[in-house]
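Hi,

Here is the structure I promised to pass on. Have a look first, and then read my notes below.

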Amino acid sequence: MKKIRIGLIGCGARSKAHRESFEQMDYVEVVAVADPIEERRLEAAAQFGCQRIYKDHTEMYNNESGKTLDAVIISVEPTAHTDIETRAIEMGIPFLVEKPINLDMEKAREISRMIEEKGLITAVGLQDRYLDLINIIKDELPKHKAGGLVYGSWVCGVPGVWWWQNKATNGGQLVEQNIHLVDGLRYLYGEPISVYATCSRGIVKAGIDAPAEYDNDDHSTVVYQFENNVTATLVSGCYSHAPKIRRGYYIILNDMILDYRLRNNLIITNANGEETDIPRGVNQTFLLDEAFLKAVMTGDKSLIRSDYADALKTHEMAFAANKSMESGQVIYFNK
Ligand SMILES: NC(=O)c1ccc[n+]([C@@H]2O[C@H](COP(=O)([O-])OP(=O)(O)OC[C@H]3O[C@@H](n4cnc5c(N)ncnc54)[C@H](O)[C@@H]3O)[C@@H](O)[C@H]2O)c1
């Protein structure tokens, strides 16, 4: 079988998870890697015995083409989405890009338009769409009376990477991290009607609890309304090192509770009070990578659960919440 030849743009932490997938796929050949940090690009190259090693995406694109690369995997920090996607589109190279896809929504909309014009295959790293537990919830919801309350949360400490220390460079925790639960809401309930959000800061002290340049919210609370009387409250927090913080969704249906513990297990409590505890049974990043690469190999885009155009809608949802945090106003989404 002819192998699919891929290039890695960005060889940091998230790239490692993708690389674990590629190591297990005998139909994948990592032929080129790029990262401004020498140690990282050399480590990634050594992992696959790759000889084409570049200092950034520009050098990679200047030396490669759509004839030498079948796809690229873009795992760069949120501020680094300069012309990485537009050049891939111009060269006709399909790509998988990590969330957040961009911090500038106008630019993301333009990229989405360019992708559509070209008919290019893309995927976004919204890994939980490939998670068995989320898909069990998706199958379960239509069996019950529509509507209900959803409580979602992702609370932790401040991640160490430089770009997390400032809302201008990570987009805020909702955009950077809790985007997975935002996306899950869209996946489960469809497009939202409105959002209202608040945020707070002052617990994490710059230079004491975090680096001196720290300038980000400690926590936010976002209320999304959906059709069918669904209201979801999503809390995000990066101020706590308390152990065993509950993360995930707690969904209260008229006759059932779905207690989803983030990427770990799902406890279903039925109308008789009987509990079923289902552990996670898949590696969702592996399934995301596999779906993208098989789509590129076969041309079957239906394998991809969130492409760039779809993920753009999730990002619009998160950035609308950021706007509401700033203005104190409810924001209504255009239908
Ligand atoms: N889908 C998920 O579940 C998930 C999980 C973790 C991180 N992420 C996302 O993945 C992205 C990367 O996160 P990370 O933790 O790997 O960050 P990181 O800082 O560890 O790595 C990013 C790497 O990109 C490199 N880079 C920057 N500009 C580049 C360029 N022009 N060409 C080539 N390489 C370049 C940097 O030097 C760095 O090594 C972030 O947007 C993050 O939100 C997604």
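This is a predicted model: local features need pLDDT of at least 70, side-chain atom pairs count only at pLDDT 80 or more; totals for chains, interfaces and linings use all residues.

Residues are numbered from 1 along each chain as its sequence is written, and side-chain values use heavy atoms, with hydrogens and water left out.

**The sheet**

Start with the open sheet of 9 strands, which has mixed pairing and the order S14-S13-S12-S11-S7-S10-S9-S8-S15. Its edge strands are S14 and S15 (331-332), each of which pairs on one side only.

S13 has a partner on each side. Strand S12 (residues 257-261) runs antiparallel to S13 and is joined to it by 5 bridges, with Asp-259 bridged to Ile-267.

The one made by S12 and S13 has 3 residues between the strands. Arg-263 sits in that loop and has a positive phi near 55°, in a residue other than glycine. Arg-263 counts as buried because its relative accessibility is 19%. In the hairpin of S13 and S14 there are 5 residues between the strands, and Gly-273 in the turn has a positive phi of about 85°.

Further along the sheet, strand S9 (residues 219-226) and strand S10 (residues 230-237) run antiparallel, joined by 8 bridges. His-219 has Gly-237 as its bridge partner in S10. The loop between S9 and S10 holds Asn-228, which has a positive phi of about 60° although it is not a glycine.

**The ligand**

Which residues are closest to the ligand? Of the 25 residues that surround it, the closest are Asp-35, Arg-40, Glu-98, Gln-127 and Glu-176; a residue is counted as near if one of its heavy atoms lies within 4 Å. A polar side-chain atom of Asp-35 lies 2.6 Å from an oxygen atom of the ligand. The backbone takes part too: an N or O atom of Val-76 lies 3.3 Å from a ligand oxygen atom, and one of Gly-125 lies 2.8 Å from a ligand nitrogen atom. Taken alone the ligand exposes 850 Å², and the protein buries 89% of that (Shrake-Rupley method with a 1.4 Å probe; for residues, only the protein chains shown count as cover).

**Other spots to look at**

Helix H9 (residues 179-189) is mostly covered, with 11 of its 11 residues buried; among them are His-180, Asp-183 and Arg-186. After H9 comes Gly-190, whose phi is positive, near 90°.

Arg-129 lies in the loop between strand S6 (122-124) and helix H6 (132-140). Arg-129 is buried, with a relative accessible area of 5%, and its side chain makes a polar contact with the side chain of Asp-310 (3.1 Å). A polar contact is a pair of N or O atoms within 3.5 Å; within protein, one must be able to donate a hydrogen and the other to accept it, and residues adjacent in sequence count only if both atoms are side-chain atoms.

Ser-240 is in the loop between S10 and strand S11 (248-252), and at 14% relative accessibility Ser-240 counts as buried. Ser-240 and Val-155 are 85 residues apart in sequence and 7.0 Å apart in space, C-alpha to C-alpha.

Finally, look at the cis peptide bond that joins Lys-99 and Pro-100, with omega about -15°. Pro-100 is in the loop between strand S5 (95-97) and helix H5 (105-118).

Cheers

Key:
Two strands pair if DSSP finds at least two bridges between them. Helices (H or I, at least four residues) and strands (E, at least two) are DSSP runs, numbered from the N terminus. Buried means under 20% relative accessible area, exposed over 50%, partly exposed in between (1.4 Å probe, protein chains only).
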